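Please keep the sequence and the structure in view while reading.

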Amino acid sequence: MSGVQEGTTGVFEDEFSIRKANAKKLASGYTKQKRFMECCYLSFATYLWFTQFIIVARYFVHSGEVNFAHLAWSPLMVFFAMILADFIGGMAHWGLDTWGTPETVLFGKFIRSFREHHVDQVAMTKHDFIETNADTTLPLIPVLLLQRYFLFSANIHGNYEYNIDNENVGRHVFLLTLTIFIAITNEVHKWSHMAKPPALARFLMRCHLILTPRVHRKHHRGNFDISYCITTGWLNGFLDAINFWRLAESVVTALTGALPRANDQKLLGK
């Protein structure tokens, strides 16, 4: 019996040593060049989002075209955008958790942080705002630029100085909500791992408006292969119940021959 216990202890010690070594190696992959690029695209995305938010907000206040229907539809646009943000965040999380390695061309720098998180779950709670959130803003820049193009196009329907009217204002509300919730996905994820998250985060968690630690805990059990949605977490139960992630993996494996989580398991010492 003691021999079995010693053997089990040895396995755990080996896994712990491997994880510790890999955590250090992965953390060292956060370079000055990566930091500089993060500062650039986070700043640009933030500028785009806030200036466009102000334009849309001013429409509601100053245009004179807003009626009760707009005010009634806006919360629905926000709600549906939050659902879509949760799904998009889940897909990105699944993809970066499951496929590739930190050396993968183009995506390796982004994969690195997800692999680091699995070998050291609390490391991200020590990351500052830029390191935590910059990567999620990069893919939003083309979307925000496209929205900006339409905002600054000629307004042929209304009298507002920008191209917002009663036909398209709902789309702008939806898009701004979608992009801000995608942008803060990693911050929300970080809060779910903190021993004492900020007061605002605790309030939003109590209201179930963002991911809660209890919901996210399911992802960190076993092989990190369920409950990938980390924005609101609303879709986790449904997607897990229909076996969505295994079905998606079977499609990728059939098309590419790649095995899910192969690199992740190696880094975890399994």
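## Aromatic side chains

One aromatic cluster is formed by Phe87, Trp94, Trp99, Tyr228, Phe244 and Trp245, in a model that is predicted. With rings counted as a pair if their centres lie within 6.5 Å, the count comes to eleven aromatic pairs. Tyrosine 149 and phenylalanine 150 form one of them, an edge-to-face pair with 5.4 Å from centre to centre and 75° between the planes. Of these two residues, tyrosine 149 is exposed, with a relative accessible area of 55%, while phenylalanine 150 counts as partly exposed at 44%. Phenylalanine 244 and tryptophan 245, which both belong to the cluster, have ring centres 4.9 Å apart and planes at 85°. Why is the pair of phenylalanine 244 and tryptophan 245 called edge-to-face? Planes over 60 degrees apart count as edge-to-face, and the planes of this pair stand at 85°, so the pair falls in that class. Phenylalanine 244 is partly exposed, with a relative accessible area of 22%, whereas tryptophan 245 counts as buried at 2%.

## Helix H2 and the annotated segments

Helix H2 covers residues 32-62, has 31 residues and reaches 45 Å from its first C-alpha to its last, which is close to the 45 Å expected at 1.5 Å a residue. The UniProt record, an unreviewed entry, carries the annotation "transmembrane region" for residues 39-61 and 67-88. In the model, residues 39-61 are 100% helix and 0% strand, and the C-alpha atoms at the ends of this stretch are 33 Å apart. After H2 comes glycine 64, whose phi is positive, near 80°.

Leucine 176 lies in helix H7, which covers residues 169-183, and counts as buried at 5% relative accessibility.

Most residues other than glycine have a negative phi. Phenylalanine 224 has a positive phi near 55°, and serine 227 has a positive phi of about 50° although it is not a glycine. Phenylalanine 224 is placed in the loop between helix H10 (213-217) and helix H11 (236-241), and the place of serine 227 is likewise in the loop between H10 and H11. The table sets out their values.

| Residue | Phi | Relative accessible area |
|---|---|---|
| Phenylalanine 224 | near 55° | 2%, buried |
| Serine 227 | about 50° | 1%, buried |

Both residues are buried because their relative accessible areas, 2% for phenylalanine 224 and 1% for serine 227, fall under the 20% cut-off.

Which residues make the nonpolar surface patch? Trp73, Leu76, Phe79, Phe80, Leu209 and Trp234 make this patch, which has an area of about 570 Å². Phenylalanine 79, one of its members, is placed in helix H3, residues 68-98, and counts as partly exposed at 39% relative accessibility.

Note on methods:
Residues are numbered from 1 along each chain as its sequence is written. This is a predicted model: local features need pLDDT of at least 70, side-chain atom pairs count only at pLDDT 80 or more; totals for chains, interfaces and linings use all residues. Side-chain values use heavy atoms; hydrogens and water are left out. Rings of Phe, Tyr and Trp (its six-membered ring) pair if their centres lie within 6.5 Å; planes under 30 degrees apart count as stacked, over 60 as edge-to-face and the rest as tilted. Buried means under 20% relative accessible area, exposed over 50%, partly exposed in between (1.4 Å probe, protein chains only). UniProt positions are given in the numbering used here, feature names are shortened, and annotations may be inferred rather than shown by experiment. Helices (H or I, at least four residues) and strands (E, at least two) are DSSP runs, numbered from the N terminus. Patches are made of residues with over 30% relative accessible area and no salt bridge: like charges are joined within 9 Å, nonpolar side chains (Val, Leu, Ile, Met, Phe, Trp, Tyr) within 5 Å. Accessible areas come from the Shrake-Rupley method with a 1.4 Å probe; for residues, only the protein chains shown count as cover. A salt bridge is a side-chain nitrogen of Lys or Arg within 4 Å of a carboxyl oxygen of Asp or Glu. The expected span of a helix is 1.5 Å times one less than its number of residues.
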